[in-house]
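Colleague: I am new to this one and would like to learn how to read it. Could you walk me through it step by step?

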Amino acid sequence: SNGIPSGVQVRYLRNARHRKPYEAILCTGGFWIDHEGHPFDTAEMESNFSGRGFGICSFCVPTGDIYSRSLTTVLSRSGFRAPKDGLFLGTHRVRHFHHSTFFGGQKVDFAGEMQFEEGKLRVITNKSGHYKPGDAEIMVILNWLHSNGVSLEDVEFRTVHDVPEDSDEHFVTHNAEE
């Protein structure tokens with residue numbers, strides 16, 4: 001037995017259609033929308049580690065174009081640029097919905113937690129028990145965000161692997177631009 005009760009299984013989303021409701025789409029100016037065109041917000045999401053207002057996230061650079069031609073056309077007509085990469089967020093449900101859920105357990109370029117408020121990225125953490133993102137994965141997401149026009153000046157980055165053992169803190173806070 002693996003310690004997980006019988007009948008309990010982590011959900012895997014196996015394709016773009018299943019991931020779509022969890023997608024955060026980056027628009028020009030560093031503004032984020034959900035799959036329905038509303039400002040992306042994590043206020044109703046929850047992470048087991050950081051709590052209410054945080055979504056667990058997985059980021060992956062797809063090998064092919066997973067976005068429909070109609071969505072790309074609508075976005076470009078609205079002044080948004082078509083997303084090239086995939087960022088997906090949801091509520092963490094222990095033993096049911098994890099970071100590995102979004103890409104069916106496959107390798108990702110970054111996993112952690114994020115907090116969005118009305119379309120603006122506010123906080124990123126590298127907290128993922130499955131993927132355990134280190135410095136290389138942190139640089140992937142920060143470089144991608146920066147190179148795609150997201151100002152990191154007001155984004156807080158919390159690392160969980162740099163916490164001194166004698167500290168009561170669960171993470172160390174950095175300015176993402178640094």
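Modeller: Happy to! Let us begin with a definition: a disulfide is a pair of cysteine sulfur atoms within 2.5 Å. This is a predicted model, and it holds zero disulfides.

Colleague: Are C27 and C57 buried or exposed?

Modeller: A residue counts as buried when its relative accessible area is under 20%. C27 has 0% relative accessibility, so it is buried. C57 is buried too, at 0%.

Colleague: How confident is the prediction, and where is pLDDT under 50?

Modeller: pLDDT is the predictor's confidence in each residue, from 0 to 100. Here the chain has a mean of 78, with 71% of its residues at 70 or more. Residues 62-77 stay under 50, and the model gives them 18 contacts beyond four places in sequence. Residues 79-84 also stay under 50, with 15 such contacts. Where pLDDT is low, the predicted coordinates should not be read in detail.

Colleague: Thanks, I will keep that in mind. Which residues have the most contacts inside the largest nonpolar core?

Modeller: Such a core is a set of buried nonpolar residues joined through side-chain atoms within 4.5 Å. The largest one here has 23 residues, and W32, L87, L89, M114, I124 and L145 have the most contacts inside it. Two or more of its residues come from each of β1 (23-26), β5 (55-60), β6 (86-90), β7 (110-117), β8 (120-125) and α3 (135-147). The largest share, five residues, is given by α3. There is also a second, separate core of eleven residues, and C60, F103, A111 and Y131 are among them.

Colleague: Now a single residue, please. What does R19 contact?

Modeller: For this, we set aside neighbours within four places in sequence; R19 then contacts L13, R14, F88, F102 and F103. R19 belongs to helix α1, residues 16-19. With 8% relative accessibility, under the 20% cut-off, R19 is therefore buried.

Colleague: How far apart are the C-alpha atoms of R19 and F102?

Modeller: They are 6.3 Å apart, although 83 residues separate R19 and F102 along the chain. A polar atom of the R19 side chain also lies 3.4 Å from the backbone oxygen of F102.

Notes:
Residues are numbered from 1 along each chain as its sequence is written. This is a predicted model: local features need pLDDT of at least 70, side-chain atom pairs count only at pLDDT 80 or more; totals for chains, interfaces and linings use all residues. Side-chain values use heavy atoms; hydrogens and water are left out. Helices (H or I, at least four residues) and strands (E, at least two) are DSSP runs, numbered from the N terminus. Buried means under 20% relative accessible area, exposed over 50%, partly exposed in between (1.4 Å probe, protein chains only). Contact means heavy atoms within 4.5 Å. A polar contact is a pair of N or O atoms within 3.5 Å; within protein, one must be able to donate a hydrogen and the other to accept it, and residues adjacent in sequence count only if both atoms are side-chain atoms.
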